[in-house]
Amino acid sequence: LGQFSTASGLAGLRSDWLVAAQIETAGGLQLTNRALLADDLTVARDELRLGYVTDRADVAASYIWIGADPTENRLTDAAELYFDGGLDFGGNWTGEVEARYDFTSDRMSDAGLGLKYRNECVEVGLSLSRRFTSSASVDPSTDFALNVALSGFGSGHDGRKYRRACG
């Protein structure tokens, strides 16, 4: 007792209720909702996600709401909209984009985009991300990244076969 905050859903002798529902159509539309409910049915946390997936592209948006919890140093409710998407350009190239908007502070909190090349041997990714938020402990920042991963031979980790490109 006493090791978890009230908003965590784990305080007391019994945990809160986790309620989840998901609907997925054959056409690629996905709707998911997860909520943490107390015994009196008040909502402590909630996430609603809507997505669309095809063979070449995927796009999704999530709305996230978390109740205030002074124990977690969150004095007000938090509400965010998160967007992410990807596109297969063909020829082993893919692109990715993401953005997060903070309704509590009424501004973008971060955004990013990336480009990846992947074959049977290697995955190379180049990305740019920007963190807009500014607080006493976190300054706005921009990051560039170059990632190289050796993938091995055969099928890629996504199950696709790639043209043999290494000797």
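A salt bridge here is a side-chain nitrogen of Lys or Arg within 4 Å of a carboxyl oxygen of Asp or Glu. By that rule, the structure holds seven of them. Keep in mind that this is a predicted model, where local features need pLDDT of at least 70, side-chain atom pairs count only at pLDDT 80 or more, and totals for chains, interfaces and linings use all residues. Residues are numbered from 1 along each chain as its sequence is written, and side-chain values use heavy atoms, with hydrogens and water left out.

Let's start with R34 and E47, whose closest N and O atoms sit 2.3 Å apart in a salt bridge. This pair ties together distant parts of the chain, 13 residues apart: R34 belongs to strand β2 (residues 29-37) and E47 to strand β3 (residues 43-53). Strands are DSSP runs of E, at least two residues, numbered from the N terminus. R34 is partly exposed at 43% relative accessible area, a label for values between buried (under 20%) and exposed (over 50%), using a 1.4 Å probe and protein chains only.

D84 counts as buried at 17% relative accessibility, while R49 is partly exposed at 27%.

Next comes E96, which forms a salt bridge with K116 at 3.6 Å between the closest N and O atoms. E96 lies in strand β6 (residues 93-102) and K116 in strand β7 (residues 107-118), 20 residues apart. Both are partly exposed, E96 at 40% and K116 at 22%. These two also belong to a salt-bridge network with R118 and E123.

Conventions
Helix = DSSP H or I, 4+ residues; strand = E, 2+ residues; numbered from the N terminus.
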